[in-house]
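Please look over the backbone of the chain shown here. The briefing below picks out a few places in its loops.

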Amino acid sequence: MNALLQAGVAGTHPLDGTAAEWIWVVLLLPLAGALIHALISGISEWKPGPYDPDAKHWGKRGVGAHGEHITGVTAELRALVEEAHDAGQVDSIHHSGEHLGTDEAVEHHDARHKWFYPVSIIGVGVMAAAFGLALSILLAMSGVDAPVPFVREYFTWMEAGNIRLGATLWLDQLSLVMTLVITGVGTLIHLFSVGYMAKDSAYARYFLYLNLFVFFMLLLVLGGSYPVMFVGWEGVGLCSYLLIGFWFGDKKNADAGKKAFIVNRIGDLGFLIAMFLMFANWHALDFAGVQSAVAGVAPGDVLLTAIALALFVGCTGKSAQLPLYVWLPDAMAGPTPVSALIHAATMVTAGVYLIARSSFLFAAAPVASLTVVVIGSLTALFAATIGLKQWDIKKVLAYSTVSQLGYMFAAVGAGAYVAGVFHLTTHAFFKALLFLGAGSVIHSMHHAYHATGKHDDAQDMRNMGGLAKFMPVTATTMWIATLAIAGIPPLAGFFSKDEILAGLFARAHHTTLAEATWLGIPGSTILYASWVMLTIAAAMTAVYMTRMMWLTFHGENRTGPGERGELHESPWVMSVPLAVLGVLALTAGWLNLPIFLTHLVPLGPTATLEHWLDPVVGAAARTIGMGELPHLAASTEYVLVGLATFIAVASVGGAIWWFRRQVILPAKEDLSPWTGFSKVLFHKYYVDEIYDAMIVRPLHWFAQSVLYRGIDRGLIDGIGVDGAGWRFPWLVGRMGSALQNGRVNTYAWVLVIGAIVVLALIRIG
């Protein structure tokens with residue numbers, strides 16, 4: 001295997017001369033779009049500020065009370081914003097963090113960004129071109145036998161002492177799957193954004209961040225070494241901060257962006273420690289070098305376990321696993337298409353990709369792999385319980401994402417790498433559809449509320465109901481995605497979820513994980529317990545997703561009599577991405593049809609994705625399976641699939657039956673408080689409050705009282721800088737005044753002492 005890897009690096013590869021040679025263009029296309037948008041944004045958004053930063057500065061082109069740029073607004077709107085700001089009520093412009101910009105608040109002006117067309121064409125065009133090129137590379141790879149990665153180093157990145165890092169891209173079956181998901185789903189999200197953000201005054205800046213986000217994510221999955229991957233890793237963290245806090249004039253949005261940035265830095269420390277350990281012990285940071293080093297270390301070695309666990313710490317931050325998941329629900333502060341991009345196609349899947357990419361390392365560290373299984377399973381169940389009691393439509397989807405990521409980690413932790421990547425792919429389709437569908441609903445709700453001057457929360461599901469008759473395309477496509485994530489056959493989520501559950505069950509015996517122990521608990525017990533937890537989480541997923549759909553699209557409309565006439569389906573530029581994703585959510589399960597199922601119904605080629613990814617993760621999966629891929633008897637698989645299907649159908653049907661009987665009041669009229677455990681779930685187990693009390697406030701006190709007042713002001717400034725400024729002159733003055741006192745005997749003694757000192761120095765010399 002090592003020889004094959006070296007052949008791939010050396011350039012003697014079957015893909016030489018094919019479209020794979022242009023992989024660098026896929027990477028640079030979104031970067032070029034970002035640079036162009038940076039120029040446009042600088043031209044369109046720059047304006048001089050007031051001489052007095054504290055003054056309310058209004059003009060034909062000024063800055064609003066919350067920092068948002070105002071272009072051509074009416075005097076009435078200015079007064080409205082000022083009045084709302086003074087009263088502390090900003091819902092006229094911001095509804096629960098969902099900002100539509102002042103121009104969108106007065107849609108009768110129909111004021112699009114003046115650079116709308118070039119920004120839209122470039123922003124979507126570079127993504128579509130990148131996706132088209134990725135498809136051509138797929139065709140090239142499908143036509144040749146490429147068992148080793150296609151590696152290209154373009155220049156030396158850094159060289160110092162005994163370390164040399166090249167700017168290397170690594171193309172194989174896994175990185176191409178990720179590239180197709182990122183560029184394909186990313187293109188649809190960019191297209192949806194054209195309609196959703198059309199009237200935002202920072203339209204060009206939005207596409208700058210969006211294109212830059214995709215560039216860094218592509219760098220992450222195509223990087224040929226851990227340091228190159230880490231650059232992309234940090235880049236998506238930066239872009240998530242910029243996009244989550246996109247409407248930074250609202251403090252809540254800015255705080256959410258900072259929270260995401262800081263929590264991710266905690267996780268990224270683990271990634272750095274892993275790289276330090278690799279280099280210190282193996283003098284290698286590229287994938288081929290690290291894999292060669294791992295092959296020479298005994299399985300279960302302490303060093304292997306430490307490196308794998310450190311990598312997983314990075315994954316818990318980037319992919320929102322316990323205990324570092326708290327940033328992801330707050331990421332809803334950004335525009336809804338941003339949520340779709342972060343939650344579905346890009347950033348949060350980075351941790352799953354990292355473990356799949358490092359499968360050779362985790363397969364040799366059973367304790368670390370079992371840790372991934374435990375954390376993933378607990379996260380899936382934990383987040384699913386919270387999703388049961390949320391009213392904000394985007395918060396429901398946020399906790400759903402955290403839960404589904406738990407499924408993926410449980411899979412890759414158990415060595416079911418293909419199942420994890422399979423669910424990553426199908427999840428990208430139906431979760432992007434769910435977020436964009438939620439954006440379509442919010443867009444219509446905002447339009448209705450602005451048209452009638454009502455300031456209710458456009459994201460609270462209690463204010464919705466009966467929207468299916470106003471938004472049939474959105475309702476239909478979101479139902480497809482809901483049934484897919486619930487695991488209803490034959491939609492995509494049914495196949496990928498079932499493969500994860502079956503993979504856990506299959507690895508609970510006769511595998512290295514089953515024979516290992518985790519804190520004294522047998523690995524087989526861990527895997528069976530994980531299967532139970534994920535099965536319960538699957539039932540909860542079906543319930544809270546059905547609850548979301550019923551409260552939003554069915555039952556009595558609670559928007560308001562005046563607003564009903566303003567509700568409408570989104571424009572085609574937003575509906576087309578929904579339709580395309582709906583088709584993918586319906587059919588993506590055919591990417592990896594299970595063999596046992598096709599014995600009953602000849603649905604098509606089986607295990608397509610498994611065969612495709614085998615050159616990358618097959619060896620690691622067989623290592624865990626003690627030389628073979630773990631599998632179940634067909635009869636066992638029939639029972640597991642039948643049980644999973646029954647649970648999914650019963651959960652969806654039971655939820656519909658239950659919520660049809662419930663009386664739901666609009667948010668302002670619903671005064672009944674949460675009680676008991678429901679209150680705990682509504683407040684998300686008070687985890688943020690616990691972190692604030694145990695970590696944030698003590699650190700703040702320590703920084704203020706000890707570091708700032710004690711050391712900075714007291715020691716450094718008080719004794720050092722300021723002290724030298726007044727104590728030294730005071731001391732010299734006192735000494736001088738004591739000597740120059742006008743007494744002859746004092747002067748005589750000074751002369752005598754001085755003469756003695758001079759004579760002593762002469763004698764010594």
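Predicted model: local features only at pLDDT ≥ 70, side-chain atom pairs only at ≥ 80, totals over all residues.

Residues are numbered from 1 along each chain as its sequence is written, and side-chain values use heavy atoms, with hydrogens and water left out.

**Cis peptide bonds**

- Leu322 and Pro323 are joined by a cis peptide bond, with omega at about 0°.
- Pro323 sits in the loop between helix H11 (302–318) and helix H12 (327–330); helices are DSSP runs of H or I with at least four residues, numbered from the N terminus.
- Another cis peptide bond links Pro489 to Pro490, and its omega is about 5°.
- The loop between helix H19 (472–486) and helix H20 (492–506) holds Pro490.

**Positive phi angles**

- Ala607 is not a glycine, yet its phi is positive, at about 50°.
- Ala607 belongs to the loop between helix H25 (595–598) and helix H26 (608–624).
- With a relative accessible area of 6%, Ala607 is buried (under 20% relative accessible area, using a 1.4 Å probe and protein chains only).
- Met626, also not a glycine, has a positive phi of about 55°.
- Met626 is located in the loop between H26 and helix H27 (634–660).
- Met626 is partly exposed, because its relative accessibility is 35%, and partly exposed covers the range between buried, under 20%, and exposed, over 50%.

Notes. Helix = DSSP H or I, 4+ residues; strand = E, 2+ residues; numbered from the N terminus.
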